Amino acid sequence: MTTATKAKTIEIDNFIGGKAVKSKDGKTFQTISPGTGEVLGTVSYGTADDINLAVDAAKEAFENGPWPKMSMQDRANILLKVAALVEKNADELARAETLDTGKPITESRTGDIARVASNFQFYPNFAQSLADESWTPNPQERHTAIREPLGVCGLITPWNLPLYLATWKIAPCLIMGNACVLKPAEWTPYTAFLFAKLAKEAGVPDGVLNIVNGFGAGGAGEALTKHPDVKSISFTGETGTGRAIMASAAGTLKKLSFELGGKGANIIFEDANLDEALPTSVRAAYRNQGQVCLAGSRLFVQESIYPKVVKAMVERVKNLKVGDPLDPKTEMGALISKEHMEKVQTYIELGRKDGKCLTGGDPIKELGGGFFLSPSVFEGLAYDSKFCQEEIFGPVLPIIPFKDEEEVIKMANSTPYGLSASLWSQDVNRCNRVARKLKSGMVWVNCWFARDLRTPFGGQKSSGLGREGGRYSLEFFSDWKAVSYKYSD
Ligand code: NAD
């Protein structure tokens, strides 16, 4: 059987006030390894009581601890040590992420965990360039605007890129002098717990980073969104959850940042360089088993090259190596859970009924008890069908032909989402025209997933509220104060 079955059952606790702690009532839940379907670990089941303890610890650290009073350079030095420790422990963290998520180990190591280290290299350095503002309308007056930390910040994260996205929030939150409480996704609590210990080892003071494991609605997640001492919620997850959080945070008027669902359009025009467009389109649709908010999950192909592209895509998808997530040669691993796999399968049935499945779409029993699905390609599905409008979050791809720019823009913009889109063409004027007309927070021209951490990351329409990245995250995790000076002479 796979090496994943040899993993020992582990204990994953909450992390409060610089210590690993069990939940107050001693309850636990299990985290399952998607590659085997077996229990990976026992997790402390946090509830509102544990959130209260974590918020108290964060409040104490913020009000009476050294963190917010330190110079930014001193905080940066500690956070850079976090980055160094992540790099030192990258193999262990990558293995843990793969065991907990089912994603291929190569992706965990060179994608997720490499990015965790970058998050902690980028923010401490970038934040140093922030300047306060000042206006002098006459020699006797000076008006300044200074940034202050918010206090206790709530962070809520999903399971698809667990530590990558958690640290994308923790790093800017901490460099600005805040303390935080993280509620990781219930499916993937493992790496956040390992990370908290590294942060402590690097010198992050007790209480500055707290973690409570548990569930969302009615559980630890909701309790965090309602807590009166929590000043903000930075949330990444489903659009529907964003709506619920906005409602539950309303009573305490929190600052909110939402990174939500997507249904990315990937558009190939007839003059595209197919040698680049095709392999990238496969990655865009099937990376992390298609469980990526930025996935190119609808492929639009211009009519004149449609048959050629469909044939080539099917061949490439058939060749994807699905297998043991711990095998470095594996290109596609397991889906996150049995429940999620069943949800994806209901869409596959729909796709077979309303269109045609050209390859894949079946559970792979030979791989044992894990949640493996063969990658699938569909055609014949209308752009406005349920299959092409809803976020499926699995290894499924509809290919849709289009006539011209006008038609593809209409189809690409037809979903409620607006997170990301890609387009492929060698005509620079067309690229500019189409990029401007796509209702999307991010557009990739002749590429996918290319990132500079300084650019604004986030969605339009139902894909989000606000932006993360660069100065956008630093703005979110701080508040402005205007201080005006009057001089007597
Ligand atoms: P989810 O919304 O089900 O859960 C995300 C987190 O929210 C979990 O920690 C969960 O416990 C918590 N939660 C759920 N209900 C809650 C509530 N009522 N109050 C407080 N917390 C609650 O999302 P998921 O299934 O974990 O992740 C997949 C989704 O995340 C997809 O829609 C995907 O597109 C989206 N996503 C978006 C981005 C982005 O940057 N836009 C990145 C990754 C994933």
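**The ligand and its shell**

Biologist: Which residues come nearest to the ligand?

Modeller: This is a predicted model, in which local features need pLDDT of at least 70, side-chain atom pairs count only at pLDDT 80 or more, and totals for chains, interfaces and linings use all residues. Residues are numbered from 1 along each chain as its sequence is written, and side-chain values use heavy atoms, with hydrogens and water left out. A residue is near if one of its heavy atoms lies within 4 Å of the molecule. Of the 31 residues around the ligand, the nearest are Lys183, Glu186, Thr241, Leu260 and Glu391.

Biologist: Which residue has a polar side-chain atom 2.9 Å from an oxygen atom of the ligand?

Modeller: A polar contact here is a pair of N or O atoms within 3.5 Å. Thr157 places a polar backbone atom 2.8 Å from a ligand oxygen, and a polar backbone atom of Glu238 is likewise 2.8 Å from an oxygen atom of the ligand. The polar side-chain atom at 2.9 Å belongs to Trp159.

Biologist: How much of the ligand's accessible area does the protein cover?

Modeller: Accessible areas come from the Shrake-Rupley method with a 1.4 Å probe. On its own, the ligand has 850 Å². The protein covers 92% of that.

Biologist: Which class supplies 15 residues of the shell around the ligand?

Modeller: Asp, Glu, Lys and Arg count as charged; Ala, Val, Leu, Ile, Met, Phe, Trp, Tyr, Cys and Pro as nonpolar; the others, Gly among them, as polar. The shell has 6 charged and 10 polar residues. The class with 15 is nonpolar.

Methods:
Polar contact = N/O pair within 3.5 Å; in protein donor to acceptor, adjacent residues only side chain to side chain.
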